[in-house]
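The sequence and structure follow.

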Amino acid sequence: MIEMSGVRKKYNTGNVTFEALRGIDLKIGANEFIGIMGPSGSGKSTLMNILGCLDIPSDGNYLLEGINVRDLSSNDLAEVRNKKVGFVFQAFNLLPYATAFENVEVPLLFAGMKGKQRKKRVLDLLAQVGLTDKVNNRPTEMSGGEMQRTAIARALANKPNLILADEPTGNLDSKSGGDIISLFDQLWKDGHTIILITHDQNIGNHCQRLIKLKDGKIYNGNGVPAV
Amino acid sequence: MNPRILYNIFVRDFRKQKKRMLLTVTAIAWGTIAILLLLAFGEGLKQQMSKNRKGLGDGIVIVWGGRTTKLFEGLGQGRRIRFTEEDMKYLKRRMPELKHVAGEYVSWGVNYKYGDKIFSERLTGVYPCYEDIRSHYPEAGGRFINNIDIDKKRRVIFLGGVIKEKLFGDEDPVGKQIKLNSVPFTVIGVMKDKIQMGMYNGPDENVGSIPATTFSALYGNRFFNHIIYQPYEFDNMEGIEKRLFEVMGARYKFDPTDEQALSIWDVVASAREMNNIMLGIQIFLGLIGGMSLLIAGVGVANIMYVSIKERTREIGVKMALGAKKSYILIQFLIESILIVGVGGATGMSVSYILTEGFKRIPIESDAINFMGRPTVSFEIGLIVIAILGVVGFIAGIFPAMKAASVNPVESLRYE
């Protein structure tokens with residue numbers, strides 16, 4: 001499903017070059033539940049952005065479902081993000097002026113799904129995350145857990161194989177956080193591949209495999225199952 | 001994009017930066033009013049001009065006799081060419097493209113007398129077609145000279161408004177007798193007031209008209225002062241003028257290229273020139289209005305830049321969810337066009353109300369008679385909409401391009 005070899009990422013800030021990733025080799029199979037841990041500045045988010053095709057490597061190769069992302073145009077990358085990847089963020093990142101329904105609808109609109117079918121899909125997704133009664137609520141009228149569940153429904157909109165979650169429980173109390181993790185468990189059982197960044201050792205241990213990052217390098221779990 | 005979401009974004013932006021948004025929309029509305037009123041003013045002026053021009057007559061050519069300047073078939077220079085009644089009939093026969101041909105006799109000083117009022121004024125001898133081609137329309141209760149008057153050489157007179165005023169004051173003159181150089185004439189009508197922009201000899205309101213046949217019988221004139229013709233079609237005025245020189249040249253033996261033999265005032269050509277001048281004025285007024293709209297457009301671009309800066313995260317999220325750059329571009333473009341659209345619609349409504357209101361003000365003044373009243377035409381509406389579209393597009397495209405170039409990684413970095 002995912003194959004990375006020698007992936008490096010350099011950022012140029014003025015005349016200082018900063019290397020966030022220093023050669024990542026990684027293999028992730030279908031239907032894995034991966035946790036990524038590491039201290040701040042270890043390159044977790046950069047790795048996540050590259051995995052999600054928001055960014056492309058400066059060096060090395062990244063193959064997502066056999067496609068080398070370096071060969072893709074910006075429009076192709078947008079399509080990959082739309083169809084193959086689902087993002088879940090720590091800050092939820094819902095559109096503040098749109099209802100739960102409208103937020104979940106966004107990726108479907110980008111995918112060009114027709115009205116009737118789209119409406120049904122959105123309602124199914126919201127039912128799947130248990131928000132049937134919050135369809136017409138705006139983010140300001142929802143709790144943190146509800147917002148994150150809306151975001152997960154949105155991530156699932158176009159049935160992507162890969163779900164990328166960047167500290168999805170970081171802004172939640174432990175109860176809501178627990179609910180979100182059970183939701184991810186369910187998605188994993190349904191056949192999705194889940195990659196989850198976390199600071200929480202408990203959540204890390206909960207994952208099927210844990211990848212630890214430090215200074216832009218993996219220092220255990222080098223493509224091999226660790227747990 | 002769901003139009004409801006678009007609407008919600010617009011409303012939210014509006015709330016968030018209410019004052020700035022209100023100022024921007026007002027600026028667009030103001031610019032629209034400026035351009036629309038200026039164009040409407042130009043249109044009113046143009047329409048009034050063409051109305052005023054009809055005071056002299058529409059689509060007519062006035063021809064005076066002249067002197068030959070070229071030798072022709074053994075004949076010398078300096079021969080006078082003048083029109084007679086026979087020439088008039090001859091031209092009617094030879095030039096079927098002419099709807100009307102009519103000569104006019106003029107006498108510069110004739111004594112008008114009614115009761116104890118007496119003065120000297122101009123008198124013309126004319127034909128019935130003058131009613132139409134020279135806009136000698138009678139006021140209610142009167143009539144213009146007709147064919148029977150011509151045939152019977154009746155002593156009837158049609159008065160210009162000023163002469164009527166001087167002779168009769170408030171009295172109704174129709175059917176009354178006046179004396180012209182001591183010869184009694186019956187007044188048959190008074191000319192309706194009109195604005196007359198073009199004239200020869202003087203304004204029509206200062207002249208009395210009698211049948212041409214009566215005129216020549218009474219004063220012995222053999223030659224018309226000039227003739228007036230009106231063709232059926234106006235698209236080949238020059239060709240008709242050339243024909244006139246040929247026909248008259250053959251009749252009086254002068255070189256048809258001798259431009260001095262006849263002198264011509266083509267009212268149609270003058271009207272065309274005037275229209276071009278008016279078009280120039282309208283373009284100028286449009287440019288001035290366009291400038292103020294352009295400034296308003298800068299305001300829109302500004303507010304769009306601010307809005308985009310505040311919404312970089314939203315743009316990043318949309319990109320993460322699979323939005324293509326073109327999609328982001330179009331979204332912001334539509335937003336700015338929406339702002340311009342709302343402002344433009346407001347401005348257009350206000351201008352419409354203003355011009356309609358102005359039309360209803362029942363004042364009559366020389367200024368309005370000359371300048372006309374602002375008039376919004378369909379074309380002006382279209383032009384303004386097109387300009388608004390261009391302003392909206394230009395004001396939107398640069399901010400939208402900036403939005404589309406947002407780096408999703410940067411914008412999603414958690415603060």
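Chain B has a secondary structure of 14 helices and nine strands, where helices (H or I, at least four residues) and strands (E, at least two) are DSSP runs numbered from the N terminus. Chain A comes to seven helices and ten strands. The model is predicted: local features need pLDDT of at least 70 and side-chain atom pairs count only at pLDDT 80 or more, while totals for chains, interfaces and linings use all residues. Residues are numbered from 1 along each chain as its sequence is written, and chains are lettered from A and ligands numbered from 1 in the order in which they are written.

Of the 415 residues in chain B, 39% are buried; a residue is buried if 20 or more other C-beta atoms, placed from the backbone, lie within 10 Å of its own. In chain A, 47% of the 227 residues count as buried. Two residues are in contact if their C-beta atoms, placed from the backbone, lie within 7 Å. Among contacts between residues at least 6 apart in sequence, 81% in chain B join residues at least 24 apart. The corresponding figure for chain A is 69%.

Chain A contains an open sheet of four strands in the order β2-β1-β4-β5, with antiparallel pairing. Two strands pair if DSSP finds at least two bridges between them. The edge strands, each pairing on one side only, are β2 (16-28) and β5 (67-68) of chain A.

In chain B, β2(B) and β3(B) form a hairpin with two residues between them. G115(B), in the turn, has a positive phi of about 60 degrees. β3(B) also pairs with β7(B), in the parallel sense.

| Strand pair | Sense | Bridges |
|---|---|---|
| β1 (2-13) and β2 of chain A | antiparallel | ten bridges |
| β2 (98-114) and β3 (117-126) of chain B | antiparallel | eight bridges |
| β3 and β7 (207-211) of chain B | parallel | five bridges |

Individual bridge partners can be named for each pair. K10(A) has E19(A) in β2(A) as its partner. N111(B) is bridged to S120(B) in β3(B), and V126(B) to P211(B) in β7(B).

Two packed helices are described by the angle between their axes and the distance between the axes. Helix α2 (residues 18-53) and helix α11 (residues 325-360), both of chain B, pack at about 40 degrees with axes 7 Å apart. Axes are lines fitted to C-alpha atoms, for helices over the stretch in contact, and angles run from 0 to 180 degrees between N-to-C directions. α2(B) and α11(B) are therefore oblique to each other, since angles under 35 degrees count as roughly parallel, over 145 as roughly antiparallel, 65 to 115 as roughly perpendicular and the rest as oblique. The contact includes W30(B) and L36(B) from α2(B), and M348(B) and L354(B) from α11(B). By class it has 14 nonpolar, nine polar and no charged residues; Ala, Val, Leu, Ile, Met, Phe, Trp, Tyr, Cys and Pro count as nonpolar, Asp, Glu, Lys and Arg as charged, and the others, Gly among them, as polar.

The contact between the chains takes 22 residues from chain B and 25 residues from chain A. On the side of chain B that touches chain A, two or more residues come from each of α1 (3-16), α10 (312-320), α11 and α14 (408-412) of chain B. α10(B) gives the most, with six residues. The residues on this side of chain B divide into 13 nonpolar, three polar and six charged.

Terms used: A residue is buried if 20 or more other C-beta atoms lie within 10 Å of its own, exposed if 12 or fewer, and partly exposed in between; C-beta atoms are placed from the backbone.
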